Amino acid sequence: TIKGFGDPVIAVDVDPKSQRLLAATLSGHVGFHGLWNGDPLLQLAGHRGRVNVASFAADGELVVTAGNDGRAVVWNARDARPVAEIALGAPVISAAVAPSGQLLATVTAEDTAVRLWTVANQQSAGTIAGHEKSVRWVAFHPDGKSILSVGDDGVARLCDLDGTVRQTYRAGERLHRGIFTRGGDVLMTCG
């Protein structure tokens, strides 16, 4: 049982070493908890309202949160200090940090493309377009060389960071999430 939540948990992730849980709630509470005892460890303060994303980078050194306040924030996972913040002006429904920690990918509720940002200076690093309807989820491949996007058009797209399409998968129905196994050899989607 995780302690300290007074409202529903919307997003959750476990660090790569399986020691800490990162959880976010409907009201905007985001924090680290002990995975095995549920005790609160650190709180990430700053979001206002629902937080849709709370996830660790592949190395566990950074985390990303994003929410209906239109912001995506990259945090230092050791001390809960913000490292980068992107204001997007619309609810952010998906965000991911590249394994290198140098790039942030975001998707707002209005986007039909994935936006890339540099973590160091919060500048645009490009856009990966191609979906015909809204994108719902984005994830970096564990090798950091490509990115997965899934959307309401029922398509999962695996693209290089310059937008070159590696693979397209057509599910025939809306897709909501997509993930890779830790090694990156298996891709899973759900609609």
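Two strands count as paired here if DSSP finds at least two bridges between them. With that in hand, let's walk through this predicted model.

**The S5–S6 hairpin**

Strand S5, residues 51-56, is joined to strand S6, residues 62-67, by five bridges, and the two run antiparallel. If you want a spot to look at, Val 51 stands opposite Gly 67 in S6. Together S5 and S6 make a hairpin, with five residues lying between them. In that turn, Gly 60 has a positive phi of about 80°. S5 is mostly covered, as six of its six residues are buried.

**The S9–S12 sheet**

Further along, an open sheet is built from four strands in the order S9-S10-S11-S12, with antiparallel pairing. Its edges are S9 (92-97) and S12 (124-128), each of which pairs on one side only. On average, neighbouring strands of this sheet are turned by 20° against each other, direction ignored. Within the sheet, Ala 95 has Thr 106 in S10 as its bridge partner.

**A look at Ser 146**

Ser 146 sits in strand S14, residues 146-151. Is Ser 146 buried or exposed? Its relative accessible area is 0%, so Ser 146 is buried, given that the cut-off for buried is under 20%. Leaving aside residues up to four places away in sequence, Ser 146 touches Phe 140, His 141, Leu 158, Cys 159, Asp 160, Leu 161 and Arg 166.

Note on methods
Residues numbered from 1 in each chain as written. Predicted model: local features only at pLDDT ≥ 70, side-chain atom pairs only at ≥ 80, totals over all residues. Heavy atoms only, no water. Buried < 20%, exposed > 50% of the residue type's maximum accessible area, 1.4 Å probe, protein only. Contact = heavy atoms within 4.5 Å. Axes fitted to C-alpha atoms, helices over the stretch in contact; angles between N-to-C directions.
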